[in-house]
Amino acid sequence: MIDVQHLYAGYDHDILHDLSFSVLKGEMFGVLGPNGSGKTTLLKAINGTLPGVRGDIAIQGRPITRMTAKETAREMAVLPQHHDVSFSTTVEQTVLIGRYPYQKGLFKQWTNEDYRIAEEVMEQTGVTQFRHQSLLSLSGGERQRVFLAQALAQKPGILLLDEPTNHLDFSYQKQMLDALKQWSLKNGLTVVAIFHDLNLASLYCDRLLLLDQGKVKALEEPEIVLNEQHLSAVYRSDIHVHAHPSFSKPFTNVVPSFNEDKPKSILSPDELDVSKERVYYKSRQPLKCYSSAVLHPGFGWFEEFINVQVDHSFRCDDPAGYLMTEAERWGCQIHRTVGMMTAADVEDVSIEFMENEDFTLLVVVTAGTGNAVDVVHGSSHIQETVPGTINTWVFIDGHLSEQAYAQSLMTATEAKVRALMDMGINDPVTGTAATGTSTDSVLIAGTQQGTTLEYGGTISKLGRAVGPAVYKATKEAAARYLNRKEDGF
Amino acid sequence: MQKPFIQTFLANKTTHYTGSVLFLVFSIFLGTSLGSVPISFEAIARIIGGQLLPFSHMSEGTDPTLQAIILQIRLPRVVLAGLVGGALAVSGAAFQGLLKNPLADPYTLGVSSGASVGAVAVLFLGISLPFAGSFTLPVVSITAAICTIFIVVGFARLVDRSMSMTTIILTGIIFSSFLGSFISLMISLTGEELRQIINWLLGSVGNRGWDYVHLILPFFVGGVLLLMFTGQELNAMTFGEERARQLGVHVELQKYVVLSAASILTGAAVAVSGTIGFVGLVIPHICRKLFGSDHRHLIPLCVLNGSAFLILADLLARTIVTPSELPIGVVTALIGAPMFAAILIRRRKGGRSS
């Protein structure tokens, strides 16, 4: 559709250097790059409105230099970043002007076809209700849609957009990009758009062109273009790329780097508050958590942690709701709280705290082994939620990778299994060695600052600390539980 | 849905044109009718009709004195006023559209100063070009006007390659002052011709006769036609040159077409009548308000209404302090400035929606 070969373009001096790429028909093609990287210049060059362009640009095989201005305008339309509105032109007139490239004759009257198409595109962009209003009376977002209608009235095969969502609020951004994507899928409209928002580009574009100082840095699918090395190099700032929570597209964010006075040591066993009814820990700042808790499981940032004791016979349809009320009763801020519950006496909690030169580790375990289960024979048990038992909290003052979270989870679990085995705890149903209880919960929480901890496996720096600490705490907590049982409580 | 819309659209346009034509015809009749000897509309109709259709015998039986007053004195004056008013209004509209600035008028860009320098130089030096004869003053004046606009544009290009609106206007102001000083210089050096120059500068369409109508007519027709052909391009250019280029408008060409057509009109108007202010600023504004800013219609409507406005202004100028006469420029400014002020105030009060 669009073929660009060895393009050099600019104003007083070249901004684009030796650019070559092609855009396919029906493709949604995103152009990314920092300010001054030549995005707008590229759009102008393709559009043929920039003088002094060297290299070849062809639209459907025809060099644009051999096309008249009107021919070019019938092939492609532009939605610019800024609009000049100096007179009170009505919306309808504005949209009709998009039919200019099709005008013939000296006095240039609109034909019925022109009116029909104007009507159609006003409908598509949702500006029909403003048709008799002046452009000056519209908001920025409404104007943007009017100019989109104007561009679409040109009936172009190619639409060039310079930051199409610049003046739009969130919902119109989405609406507009959805509509563009839909047109490109349905009618084969080729869309070339400049984006500042990497995430929008990632979600909507088929391919991305990343420009850096007028040169192609990367030209590929979003998954490949949006990687941390490329982005951080081009934008000269820290940018993190994650998996998008709900789509198979990369998701980026910048990393703020202002200085804020933060407490030196974030984790301290002194902050732990144990009473007969619950164990409560409040961190000095939010921690990135990954857990199988009842209240707020999964990934999230939390700073309050509560482990509430419930009765053996506790049955509840809505355990999370119950924990919310409990947490509130104990003065927690619900949205910042991770909550677990246990049937074990929380006073028997066992705490391990260790500091080394790289990071600090705090492990808190409450244990009850009443409904111990051998993982191999889970099917022998009646499916029933019995109030749970071994709750393990692992707090780490360090910067954990996502991999480290998964590995720490494994390490903590392995340590727990080993502790139960060494305590000789058996599955009461099968009589074999228990590997845990049916309702165990685990939490891995990181401060995400300080030392970077890439790995959490058993022999990694982190794993070497987590493993023994969890093992010791679990064993101690289980021993206290067993003692209390023997004492007849 | 579509048909009724087109119908109302056309109906609107028809009303606009009918109204404007009626306004013009009414002004012509009123302008011809009032004066030291009042003449009935019927007599005017019969005499003009007799002139336009010589075989209809419409003018038979009318007073030959009235015929002489109408055909030799009042009508040429009214027609000249109409042509000048139309030319100024339409070039004002074109300049405003081209420069995307509602405050532009043919004079702020220095065209009129150029035309004035040419005209005053002709009066001051008493020259007569061999090929132009009695056309010397307007020919020199128009040439000077066209030269001025191209010097202004060339200078603006030199300053700022993108030729932004602000640059062109600032350049126009610089040239206006610069050329104005030439006029002052010639005035201060002149002896005999002072009154002639001052009269010319104050603006008047009186005592010109059909010769001057013949003088301005070709420029008027040419200029207005050129502008009518560029209506759609002007519409596109109100969204900015860049956008116009994207829409397939040959911007460079159109810019020069509009600038030269508007300069020819302004130059011709200034040449035959002197500098008459405010018509070129206020009439396009009022027309935009009343009829919308579609230049395809705005241009002819500005011609009609500008003509009618100046005919009425001239009528006031010659009747308000009879038997003497006010300079027409004084009258247009006296009416135009408060009208413009009122529009500005209403615009502010009306907020964005007006």
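This is a predicted model: local features need pLDDT of at least 70, side-chain atom pairs count only at pLDDT 80 or more; totals for chains, interfaces and linings use all residues.

Author: Start with pairing: two strands pair if DSSP finds at least two bridges between them.

Reader: What makes β1(A) and β4(A) partners?

Author: Again, bridges. Five of them link β1(A) to strand β4 (residues 54-59) of chain A. That meets the cut-off of at least two, so they count as paired. These two strands also run antiparallel. I2(A) faces I59(A) in β4(A).

Reader: Why are β2(A) and β5(A) said to stand at the edges?

Author: The sheet is open, with four strands in the order β2-β1-β4-β5 (chain A), paired antiparallel. β2 (14-23) and β5 (62-63) each have a single partner strand, so one side of each lacks a neighbour in the sheet.

Reader: Why is helix α1(A) called largely enclosed?

Author: Buried means under 20% relative accessible area. Seven of the nine residues of α1 (residues 39-47) of chain A are buried, so the rest of the structure largely encloses this helix. The buried set is K39(A), T41(A), L42(A), L43(A), A45(A), I46(A) and N47(A).

Reader: What comes just after α1(A)?

Author: G48(A), which takes a positive phi of about 80°.

Reader: On to chain B. What makes α3(B) roughly perpendicular to α12(B)?

Author: The crossing angle. The axes of helix α3 (residues 64-99) and helix α12 (residues 279-291), both of chain B, cross at roughly 70° and come within 7 Å. The perpendicular class spans 65 to 115 degrees, so the label is roughly perpendicular. By class, the residues of this contact are seven nonpolar, six polar and one charged. Among those in α3(B) are G85(B), L88(B) and A89(B), while the α12(B) side includes V279(B), P284(B) and R288(B).

Reader: Why is α8(B) called roughly parallel to α3(B)?

Author: Here the axes of α3(B) and helix α8 (residues 209-229) of chain B come within 10 Å and cross at roughly 25°. Under 35 degrees counts as roughly parallel, so that label applies. The crossing is left-handed.

Reader: What classes of residue make the contact of α3(B) with α8(B)?

Author: There are 18 nonpolar, three polar and no charged residues. From α3(B), L71(B), V79(B) and L83(B) are among them. From α8(B), the contact includes W210(B), I216(B) and F220(B).

Reader: Is R245(B) buried, partly exposed or exposed, and how do you know?

Author: Its relative accessible area is 26%. Buried needs under 20% and exposed needs over 50%, so R245(B) is partly exposed. R245(B) lies in helix α10 (residues 241-246) of chain B.

Reader: Which residues does R245(B) touch?

Author: T49(A), V251(B) and E252(B), leaving out residues up to four places away in sequence. As for E233(B), 12 residues apart from R245(B) along the chain, the two C-alpha atoms are separated by 9.9 Å.

Terms used
Residues are numbered from 1 along each chain as its sequence is written. Chains are lettered from A and ligands numbered from 1 in the order in which they are written. Side-chain values use heavy atoms; hydrogens and water are left out. Buried means under 20% relative accessible area, exposed over 50%, partly exposed in between (1.4 Å probe, protein chains only). Axes are lines fitted to C-alpha atoms, for helices over the stretch in contact, and angles run from 0 to 180 degrees between N-to-C directions. Angles under 35 degrees count as roughly parallel, over 145 as roughly antiparallel, 65 to 115 as roughly perpendicular and the rest as oblique. Contact means heavy atoms within 4.5 Å. Ala, Val, Leu, Ile, Met, Phe, Trp, Tyr, Cys and Pro count as nonpolar, Asp, Glu, Lys and Arg as charged, and the others, Gly among them, as polar. A crossing is left-handed if the near helix is turned anticlockwise from the far one by less than a right angle, and right-handed if clockwise.
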